[in-house]
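Welcome! Let us take a friendly walk through this protein, one part at a time. Have the structure open as you read.

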Amino acid sequence: MWRQPTAKKILRYGAAGSATVAVAYGGYSYYHQQKHSIGSLLRLDRAYPQSMALNADQLESTSMALGQRPHAFWSPPTRSEMINELKGLGRDGSPRTDQEAEFDILVIGGGASGAGCTLDAATRGLRVAMVERDDFSSGTSSKSTKLVHGGVRYLQKAIMGLDYEQWKMVREALHERKTFLKIAPYLSNELPILLPVYKWWQLPYFWVGCKMYDLLAGKQGITGSYALGRSKTLESFPMLREEGLVGSLVYFDGQHNDARMNAALAVTAAAHGAVVANHVEVTDLVKEKDSEGRERVCGAKLRDNETGDEWTVRAKGVINATGPFSDAILKMDEPQMSDIVAPSSGVHLVLPSYFSPKNMGMLDPATTDGRVVFFLPWEGGVVAGTTDTVCKVEADPKPSETEIEWILSEIRRFLSPEVKIRRGDVLSAWSGIRPLVRDPKAANTKDLVRNHMIHVSDAGLVTIAGGKWTTYREMAKETVDKAAEEFGLSVPRPCQTESIRLIG
């Protein structure tokens, strides 16, 4: 006779059934993945003649270069293995010939620009190494506004000032924004940002600006902007000051975790064969004369800051991607050279999450001194801050109390008087140095370059400086193109980074 099963039996049988289904599905997925991978490798193998037969490691590198991810069980090499390779040894410490030990490119700097250049070069099939004095993303690249954006304020400056360089920078950044969201979807997302309007004439003005921002993105656009009336604005952002509010415009940009993104670039580069090591400092550049009698940079003297070991690494060429510290490396090459970096500080605060909606940020375009203040949800809190304050270059910049109090005073202006923000509400604060640059070869060296700049010294040192997080990939592409030309490298493949997804 059939009996009603007890709840205990239902749970036990249900769990067993679920486990069976999970194991079966997992087994099928693993089989399908292996079958697909093996099939891909066989197809790759057939595409090469016998004289070009590849071993397993080469097949994996080749398939990854074509946009595939590394094997599911791949793990990054250890730091000691990376140090061995930098010293010209095998990963296990075995000796190598001088030719095997030499790199095509040595990248100095492990921030967004340096890691981007390393990934670009590695995926093109070049032998590349990257060294970072501190930790990956320990500097400016982890102290940003966390936005992946074209820059609404730059577009305004471009139109009002008829500045083509600003226009070009916004257009390039909007193109890269879409690519950014595509290659690292687990670290980036779209974010609606509200522009509050307190004067009637500003509503059509902001609407036109936001629509131009959308149109400039073209096919690389994300969600389009839209207008909100007064009641809908307060419904979307209840903490906003009500007095005099007319409505708002909402536009979309990207947001990302900058420090993790930087680390993902370095790890993905290592997966593609690059040698990357942190806490390794460049103490001097190495030069030798070429066949024409010209002095050329051909490597660097390194020091492991964890062990104190010092050695020399050789490369066909060197890329200086040290951001605010570019001048220090440039002067190792040309001691008499004037500074090219004009440092600009960006200070940001972290506040508790209840000061902002969880799914919408805000931009105050009219602060008391003309700068803009972003007010954005991020990682369970709220990031509030601004950029473009003249500062000096230092290794560990700290936000001043003056800047912190200024940001808090601006926040109080656009939030409701009922929302009390005190100094004690600040959970943390940081200061990042943006390396605005001057072109030393320009006629007027007082003018700042609005976008990034690639400088090649007489000895062949390639320096990439300026730019912004959003355009790191395009900056890296142009830099590696220039480096390959300058160093006389034979590049097996064109740039691959527009389609390669980052590990994570």
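Predicted model: local features only at pLDDT ≥ 70, side-chain atom pairs only at ≥ 80, totals over all residues.

A residue is called buried when its relative accessible area is under 20%, and exposed when that area is over 50%.

**Two residues with positive phi**

Lys146 has a phi near 70°, a positive value in a residue other than glycine. You will find Lys146 in the loop between strand 2 and strand 3 (147-148). Is Lys146 buried or exposed? Its relative accessibility is 3%, so Lys146 counts as buried.

Glu379 also deserves a look: its phi is near 50°, a positive value in a residue that is not glycine. The loop that holds Glu379 lies between strand 14 (373-378) and strand 15 (381-390). Glu379 has a relative accessible area of 59%, so this residue is exposed.

**The protein as a whole**

Stepping back, the protein has 13 helices and 18 strands. Of its 504 residues, 50% count as buried. The accessible surface comes to about 24300 Å², and 54% of that belongs to carbon and sulfur atoms. What share of the contacts between residues at least 6 apart in sequence join residues at least 24 apart? The share is 71%.

**Strand 9 and its two neighbours**

Strands of a sheet pair through backbone hydrogen bonds, in either a parallel or an antiparallel way. Strand 9 covers residues 295-304 and is mostly covered itself, with seven of its 10 residues buried. It pairs with strand 8 (residues 280-289) and is also joined to strand 10 (residues 310-314). The table sets out these two pairings.

| Strands | Sense | Bridges | Source |
|---|---|---|---|
| Strand 8 and strand 9 | antiparallel | nine bridges | DSSP pairing |
| Strand 9 and strand 10 | antiparallel | five bridges | DSSP pairing |

To place these pairings on the model, look for Val282, whose bridge partner in strand 9 is Leu302. On the other pairing, Lys301 has Thr312 in strand 10 as its bridge partner. The hairpin of strand 8 and strand 9 has five residues between the strands, and Gly293 there takes a positive phi near 85°. The hairpin of strand 9 and strand 10 likewise has five residues between its strands, with Gly308 at a positive phi near 85°.

**A pair of helices**

Our last stop is helix 6 (residues 152-160) with helix 7 (residues 164-183), whose axes come within 8 Å and cross at roughly 150°. Their crossing is left-handed. On the helix 6 side, Tyr154, Leu155, Lys157, Ala158 and Ile159 take part, meeting Gln166, Trp167, Met169 and Val170 in helix 7. By class, this contact has seven nonpolar, one polar and one charged residues.

Methods
Residues numbered from 1 in each chain as written. Heavy atoms only, no water. Buried < 20%, exposed > 50% of the residue type's maximum accessible area, 1.4 Å probe, protein only. Helix = DSSP H or I, 4+ residues; strand = E, 2+ residues; numbered from the N terminus. Pairing = 2+ DSSP bridges. Contact = heavy atoms within 4.5 Å. Areas by Shrake-Rupley, 256 points an atom, 1.4 Å probe, with all protein chains shown as cover. Axes fitted to C-alpha atoms, helices over the stretch in contact; angles between N-to-C directions. Left-handed = near helix turned anticlockwise from the far one by under 90°. Nonpolar A, V, L, I, M, F, W, Y, C, P; charged D, E, K, R; others polar.
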